[in-house]
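Dear colleague,

Please find below the sequence and structure that I am handing over to you. I would be grateful if you could look through them before reading my notes.

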Amino acid sequence: MSCHVDKNLYQDREIASCTFLENDQFSRAAFHIAFFSSSYLVPLVLISVLYMCMLSRLWRSSVGGRSAESKKSKKRVTRLVVVVVAAFASLWFPIQIILVLKSMEVFVPDTYFKISLQIISHVLAYTSSCINPLLYAFLSENFRKAFRKVSLS
């Protein structure tokens, strides 16, 4: 990585930026594919597989029997898991696509709209980090009951 100062880049102000050195030992595309895989695909596959294992075990268990209430509870848990995984996937997807498109020089943030789109995409991705407690609070009756019990104590 190299840092340099570009003069006269924006209204005669000096702007410092860091860029990758272009040489035979570095593949920009390989870096971005690895970054996309490690920061989005692998976590998405991992949480999907682990949650599927958890749901599979839940649905095979005989706890609660085959009562209507047991099935209803299992459906609520399944819905919660699907929403949590979908939230992760959808909130991180926009910034990941922008980063891949930037690496291929298809997306160039050269307008206020594109810059705003990139900023909004970053905010959505970071929102993913704090949304799970809210999802649990709104979608899990047991979570709400436990929270009320603790807050009344």
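The notes below describe what was found, beginning with the overall layout.

This is a predicted model, in which local features need pLDDT of at least 70 and side-chain atom pairs count only at pLDDT 80 or more, while totals for chains, interfaces and linings use all residues. Residues are numbered from 1 along each chain as its sequence is written, and side-chain values use heavy atoms, with hydrogens and water left out.

The protein has 4 helices and 2 strands, where helices (H or I, at least four residues) and strands (E, at least two) are DSSP runs numbered from the N terminus. Along the sequence, these elements follow the pattern β-β-α-α-α-α. Of the 153 residues in the protein, 19% are buried; buried means under 20% relative accessible area, exposed over 50%, and partly exposed in between (1.4 Å probe, protein chains only).

The second largest pocket holds about 160 Å³ of space. A pocket is defined on a 1 Å grid over the protein atoms alone, as an open set of points where a 1.4 Å probe fits, with protein on both sides within 12 Å along at least five of seven lines; lining residues have an atom within 4 Å of a point. Grid points are joined across faces, edges and corners, and the volume is the space filled by probe spheres set on the points. The lining includes Arg-76, Leu-80, Leu-139 and Lys-145. Helix 2 (68-103) and helix 4 (141-152) each supply at least two lining residues, and helix 2 gives the most, with 4.

There are 2 salt bridges, each being a side-chain nitrogen of Lys or Arg within 4 Å of a carboxyl oxygen of Asp or Glu. Arg-76, which also lines the second largest pocket, forms one with Glu-69, with the closest N and O atoms 3.6 Å apart. Arg-76 is partly exposed because its relative accessibility is 26%, and Glu-69 is likewise partly exposed, at 47%. Lys-114 and Asp-110 form a salt bridge as well, at 3.6 Å from N to O. Here Lys-114 is partly exposed at 26% relative accessibility, whereas Asp-110 counts as exposed at 53%.

On the surface, Ile-115, Ile-119 and Val-123 form a nonpolar patch with about 260 Å² of accessible area together. Such a patch is made of residues with over 30% relative accessible area and no salt bridge, nonpolar side chains (Val, Leu, Ile, Met, Phe, Trp, Tyr) being joined within 5 Å; the areas come from the Shrake-Rupley method with a 1.4 Å probe. Val-123 belongs to helix 3 (residues 112-139) and is partly exposed, with a relative accessible area of 48%.

Finally, Glu-105 lies in the loop between helix 2 and helix 3. Its phi is near 60 degrees, a positive value in a residue other than glycine. Glu-105 counts as exposed, since its relative accessibility is 62%.

Yours sincerely

Key: Patches are made of residues with over 30% relative accessible area and no salt bridge: like charges are joined within 9 Å, nonpolar side chains (Val, Leu, Ile, Met, Phe, Trp, Tyr) within 5 Å.
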